[in-house]
Amino acid sequence: MSKSLPYSMKDVHYDNAKFRQRSFVKVNVSYLILRVITQSLLTSNTKHDCISCSTGKFLALLMIFGMAYLMFTHKSAPHSVTQGQAEGINKEVKGISDSSGRFERFWRKPPRLPPQLPPDEKGSIDNIPHELQKLNTGSKWLDRQQRVKKAFIHAWSGYKMYAMGYDELMPLSQRGVDGLGGLGATVVDALDTALIMGAEEVVSEAGLWIETQLSDRISKKGQVNLFETTIRVLGGLLSAYHLSGGEQGTNLTHKGPKPTVYLDTARDLADRLLLAFTSSPTSIPFSDVVLHDPSAHRAPDGLSSTAEVSTVQLEFNYLSSISGDPRYSIEAMKVLEHIKDLPKVEGLVPIYISPDSGEFSGENIRLGSRGDSYYEYLVKVWLQQGRNRDGNFTYLYDMYEEAMRGVRHLLVQKSIPNGLVFVGELPYGPKGSFSPKMDHLVHGAFSRLVRKSCVVNARPDAPIILVCFLPGTLALGATKGLTKEKAMKKNLLKFEDLENLKLAEDLAKTCFEMYSVTSTGLAPEIAYFHTKEYSEQGLDGGNKNSKFVNDIIIKHADRHNLLRPETVESLFVLYRITEDPKYQEWGWQIFEAFEKYTKVDSGGYSSLDDVTVVPPHRRDKMETFFLGETLKYFYLLFGDRSIIPLDKYVFNTEAHPLPIQGS
């Protein structure tokens with residue numbers, strides 16, 4: 001019996017045995033007998049005569065047997081009775097019941113209830129409206145996902161038309177610019193997004209450029225930043241290698257060159273980048289490499305940022321895995337092994353480190369620029385290595401857990417009047433005041449580091465820095481990429497994991513409100529929070545309808561938006577883990593704001609100067625991460641959760657997915 005039927009086969013058999021309906025003929029005969037008897041009784045003369053003669057006795061007996069027959073055998077008319085037949089019977093019965101209601105009340109029985117369904121089959125019927133709703137909801141998000149794909153094609157078309165081969169597009173002046181070493185960063189950053197979306201024409205165009213142009217660029221270009229080049233170009237090449245079918249990867253498209261093209265180019269680049277490690281007197285690499293020499297160099301002040309040196313391990317580990325050459329992984333992992341033994345403040349570390357001494361420099365502790373992705377890669381590198389608690393990488397997860405305890409203890413506060421949760425800084429170390437300061441470094445090699453912090457601070461007495469990559473990292477560290485429901489069923493969540501997951505959701509709420517509080521619905525680059533110690537008037541985001549308009553302060557110099565991905569990244573991770581659709585809805589609101597205010601008709605999308613006014617003035621810059629990260633995370637947020645699952649892939653800090661070992 002099909003599950004779509006309203007009851008099972010055993011219910012049908014039971015119904016046939018216990019509730020078998022009488023034929024129409026039998027019911028008709030019963031009503032005719034009843035009619036004859038009752039009409040006889042209703043005639044007083046007839047009644048008197050019947051009692052006094054044998055014929056009357058016979059009719060009386062017949063009446064008694066007829067009544068008994070009806071009482072024990074009468075059932076409702078079968079479903080096969082026609083409407084006309086049913087109306088005829090109803091008229092006959094009505095004539096009788098009007099005069100002899102006492103008999104009708106006597107013989108009438110309550111209607112039979114339909115057979116009850118077993119719990120398992122009943123559930124499938126009750127869920128039919130829910131299943132239809134799920135289908136409708138799924139269709140809605142698939143449509144929205146296609147909107148994101150159209151946006152990606154529009155962004156790429158502008159880049160291809162006006163800036164192909166340059167690092168970035170200037171969509172208003174319709175030209176390209178090199179700000180990341182001249183390796184065509186947008187091409188490589190966008191490639192795996194196109195692979196995931198199935199944008200085969202883009203895959204073909206980007207793949208052809210990499211095959212014919214990139215190796216020549218690598219051999220001739222000058223100075224590049226180790227961190228930026230690793231996360232964007234090396235990471236993009238390695239992800240494209242895997243997704244296009246290399247090393248048992250996921251062959252998402254048949255367009256583009258053979259996967260070995262991406263691998264060979266990645267090795268050529270990585271061999272030059274290795275000089276940053278091997279040229280240093282300690283395990284801490286230099287910050288820059290000259291590609292055509294090749295040679296490595298310190299930063300002008302001699303220091304490397306903690307985030308830079310500790311955010312290259314995913315890429316170099318995977319390259320060793322697929323190439324069979326352990327040099328890449330060995331050199332990169334020396335950094336984390338070295339930092340493991342350095343002194344920390346409840347797991348938190350200063351944002352500068354010296355490649356000459358191997359020691360931290362200064363006391364400035366923050367999860368914003370120059371510190372952010374150190375914490376991100378602690379958990380992600382551990383996940384990449386298979387999450388083996390008994391393996392050689394256990395120390396990474398231990399360092400991560402200690403650091404998150406330090407965050408909760410030392411850096412988390414709430415705004416007033418409405419209690420938005422944010423993360424602050426210790427600019428003078430643990431003995432200094434909790435009044436974070438963050439320099440504005442939005443140029444050159446440090447632009448990527450600054451943007452990892454969605455909300456920052458720029459004065460000693462004004463909180464706060466809010467780091468919007470952190471909700472995703474906290475959620476990932478709590479469930480290890482599994483859904484919350486599955487992790488709980490397997491008893492994998494400790495109390496501390498639940499604490500971190502709650503903090504992740506609270507921070508994601510704050511990050512979203514940074515968008516909804518402005519007139520454009522887009523977040524500023526820098527903002528402040530009202531606290532008991534700090535407040536300024538007349539500097540709100542412009543959306544007076546927002547509940548949090550008095551919690552958030554946005555200064556005039558900080559109101560720009562660079563198309564950043566961090567909040568969308570965290571919404572994506574939290575949706576995958578909690579399965580709460582509110583994160584999709586929040587993401588859709590942000591995407592619509594991008595479409596409304598940053599889209600350039602001739603092609604591409606533009607950064608904005610001021611998100612608090614409508615219409616906003618445009619800044620004439622489309623960062624590579626808009627195609628490589630922001631639109632990719634939107635697409636995955638609105639799509640099937642089985643695509644790039646979080647328990648089988650880790651995303652590097654530029655959103656390039658790399659497979660987990662053994663997955």
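Visitor: Where is the place of Ser373?

Guide: In this predicted model, Ser373 sits in helix α17, which covers residues 372-384.

Visitor: Why does Ser373 count as buried?

Guide: The relative accessibility of Ser373 is 1%. Buried means under 20% relative accessible area.

Visitor: What makes the pairing of the Ser373 and Thr311 side chains a polar contact?

Guide: The distance for Ser373 and Thr311 is 2.8 Å, and the cut-off for a pair of N or O atoms is 3.5 Å. The pair is therefore called a polar contact.

Visitor: Which residues is Ser373 in contact with, leaving aside its neighbours within four places in sequence?

Guide: With those neighbours set aside, Ser373 contacts Phe227, Ala307, Ser310, Thr311 and Thr653.

Visitor: What does UniProt list for Thr653?

Guide: The unreviewed UniProt entry gives Thr653 under "binding site". In the model, Thr653 is in the loop between β13 (649-651) and β14 (657-659).

Visitor: Why does Thr653 count as buried, and what joins its side chain to that of Glu376?

Guide: Thr653 has a relative accessibility of 1%, and buried means under 20%. Thr653 therefore counts as buried. Its side chain and that of Glu376 are joined by a polar contact of 3.0 Å, to be set against a cut-off of 3.5 Å.

Visitor: Where does UniProt place the feature "active site"?

Guide: The unreviewed UniProt entry puts that feature at Glu228, Asp372, Glu525 and Glu566. Of these, Asp372 lies in helix α17, while Glu566 is in helix α23, residues 566-578.

Visitor: Why is Asp372 called buried, and why is Glu566?

Guide: Asp372 has a relative accessibility of 0%, and Glu566 has a relative accessible area of 2%. The cut-off for buried is under 20%, so Asp372 is buried and so is Glu566.

Visitor: How many disulfides does the structure hold, and which residues does the disulfide join?

Guide: There is one disulfide, joining Cys468 to Cys511 with an S to S distance of 2.1 Å. The cut-off for the two sulfur atoms is 2.5 Å, so the Cys468 and Cys511 pair is called a disulfide. The pair ties together parts that are 43 residues apart in sequence, because Cys468 lies in the loop between α19 (447-451) and α20 (470-479) and Cys511 in helix α22 (residues 495-516).

Visitor: Is the link of Cys468 and Cys511 left-handed or right-handed, and what is the angle about the S-S bond?

Guide: The angle about the S-S bond is -105°, and the link of Cys468 and Cys511 is left-handed.

Visitor: Are Cys468 and Cys511 buried or exposed?

Guide: Cys468 has a relative accessible area of 0%, and Cys511 has 1%. With buried meaning under 20%, Cys468 is therefore buried, and Cys511 is buried too.

Visitor: How many salt bridges does the structure hold?

Guide: The structure has 32 salt bridges. One of them pairs Asp497 with Lys480, N to O at 3.7 Å. Asp497 is in helix α22 and Lys480 in the loop between α20 and α21 (484-489), so this pair ties together parts that are 17 residues apart in sequence. Both Asp497 and Lys480 are buried.

Visitor: What makes the pair of Lys489 and Glu485 a salt bridge?

Guide: The closest N and O atoms of Lys489 and Glu485 are 3.6 Å apart. The cut-off is 4 Å, from a side-chain nitrogen of Lys or Arg to a carboxyl oxygen of Asp or Glu. The pair is therefore called a salt bridge. Because Lys489 and Glu485 are four residues apart in helix α21, about one helical turn separates them.

Visitor: Why does Lys489 count as exposed, and why is Glu485 partly exposed?

Guide: Exposed means over 50%, buried under 20%, and partly exposed is in between. At 66%, Lys489 is therefore exposed. Glu485 is at 44%, so it is partly exposed.

Conventions:
Residues numbered from 1 in each chain as written. Predicted model: local features only at pLDDT ≥ 70, side-chain atom pairs only at ≥ 80, totals over all residues. Heavy atoms only, no water. Helix = DSSP H or I, 4+ residues; strand = E, 2+ residues; numbered from the N terminus. Buried < 20%, exposed > 50% of the residue type's maximum accessible area, 1.4 Å probe, protein only. Polar contact = N/O pair within 3.5 Å; in protein donor to acceptor, adjacent residues only side chain to side chain. Contact = heavy atoms within 4.5 Å. UniProt positions renumbered as here; feature names shortened; annotations may be inferred.
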